[in-house]
Amino acid sequence: MPESWVNSAERIGVDLHVNLPEGKGGRQAALTRALRDAVRDGRLAPGTRLPPYRSLAADLAVARNTVASAYAELVAEGWLTARQGSGTRVADRAAPPRPVSVPQRTATPPRPVHDLRQGVPDATSFPRTAWLAASRRALTAAPHEAFGPGDPQGRVELRRALTEYLSRARGVRTTPDRIVICSGFAHGLRLLYGGVGGPSRGVLRGPLAVEAYGLPFHRDLLHEAGVRTVPLEIDEAGADVGALGAVRGLRGVLLTPAHQFPTGGPLHPERRTQAVDWARAHDGLVLEDDYDGEFRYDREPVGAVQGLDPERVVYLGSLSKSLSPALRLGWMVLPAHLVGPVLAVKGEREAWASAPDQLTLADFLESGHYDRHVRRTRQRYRSRRDQLLSVLAAHAPHIRATGIAAGLHAVLRLPPGTEPDALRAAAHQGLALDGLARFRHPGAAGPAPDGLVVGYATPADHAYGSALAALCRALPPPR
């Protein structure tokens, strides 16, 4: 349709300039858009009387009904008003607010030359081919109802597969009806203590004992939910759970018993029993964060504390370390009396965990691919750990590495007062890593040792040697 230009002053006293370009929807849609734009950007001021249908139709060489329909649509939308005897006018509207620009996000800092941050698995080792095959099998076999509204407890296929796997590999005692699927540890913590629908929506109440070292993110999450956290000191045997009885009103304790985060080392067997005995005696709960329990290098992985008393331990796990944090899949194994309350908080429909991903993981577990993947990555991470220890022995023998029996990171113990300088030197070398002080609870008492938390899973094979050389250059010299 050729462009039409109109200058009509008939009975309105103003010129009207309308541009009808080619476009979707025909002439009526084009005219409606043109008039709407003219009002929106102020070319047609409030109160301006528009030409009668017949005049504008003649000027534009369109049917009268086309103009009438465009006017009627704009009247219905509130852009125009039409009163008998007054004609069609631009509606009196408050001036639209000027568009508010979205604040620019803080610029992403430049990528480090070498990434030695803790908690990040090797993204290149994700088993894409095996996962794709599992997805195809799972989707082919899935019932039609799997693609409807999701069950907040999670797909039964996955809960059955997890029951078998967790029993066999982690010593967890459960049944499918005690498992609730979530999108990771933090999501599980929010369901238990609040933060999904506000502080009042949590199932449990504080105060909650936590290890003196842990992820600040988890402490912040609990604080926002109104939960007071009480730090337990850490020594060579793990968290000092013997101090639980001295904390008045304590309702629970959060532990990383398989591999204390980030200092390393399992919770001593006697302390595992102590924690469960405390929960029984005080009507409390033990929350077990099994964040990397599969990755132990000196012997078979330590079994879950949950196996000692399934009614007093909430077991939480996820795929964040073993497969990928991008999958956003985790699980809670709950005491029987908590299943209903947790599902009530979660809601009537699954809002976080994808049903196809759950079905794929169920197949991945049942087919044995998950076990094979864990074995491969365990060997890879152990080799990385051994290389780190070898380089330290050769170039920094005065630095002691701890927490090396398991996991994806090690803690390098530094001379007192040297941690800040070591972090600055690491940044100068292009290294991204964390200091031990970052993970210490602000209320923890006693001495705060200096150290670096070094993750060894992320760098590419060809760059790992250079990363370790840069790390050695950042370490303080012997005293």
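Predicted model: local features only at pLDDT ≥ 70, side-chain atom pairs only at ≥ 80, totals over all residues.
Sorted by class, the lining of the largest pocket comprises 15 nonpolar, nine polar and eight charged residues.

The second largest pocket has a volume of about 400 Å³. It is lined by 21 residues, with Ile-234, Asp-235, Glu-236, Thr-263 and Arg-413 the closest to its centre. Here the elements that supply two or more residues are β7 (234–235) and β13 (400–402). The lining of the second largest pocket divides into nine nonpolar, six polar and six charged residues.

Turning to helix packing, two packed helices are described by the angle between their axes and the distance between the axes. For helix α1 (residues 26–40) and helix α3 (residues 64–77), the axes come within 9 Å and cross at roughly 45°. Because of this angle, α1 counts as oblique to α3. The crossing of α1 past α3 is right-handed. On the α1 side, the contact involves Arg-27, Gln-28, Leu-31, Thr-32, Leu-35 and Arg-36; these meet Thr-66, Val-67, Ser-69, Ala-70, Tyr-71, Glu-73, Leu-74 and Glu-77 of α3. By class, the residues of this contact are six nonpolar, four polar and four charged.

Notes. Residues numbered from 1 in each chain as written. Heavy atoms only, no water. Nonpolar A, V, L, I, M, F, W, Y, C, P; charged D, E, K, R; others polar. 1 Å grid on protein atoms, 1.4 Å probe; cavity = no way out; pocket = protein on both sides within 12 Å on 5 of 7 lines; lining within 4 Å. Points joined across faces, edges and corners; volume = space filled by probe spheres on them. Helix = DSSP H or I, 4+ residues; strand = E, 2+ residues; numbered from the N terminus. Axes fitted to C-alpha atoms, helices over the stretch in contact; angles between N-to-C directions. Parallel < 35°, antiparallel > 145°, perpendicular 65-115°, else oblique. Left-handed = near helix turned anticlockwise from the far one by under 90°. Contact = heavy atoms within 4.5 Å.
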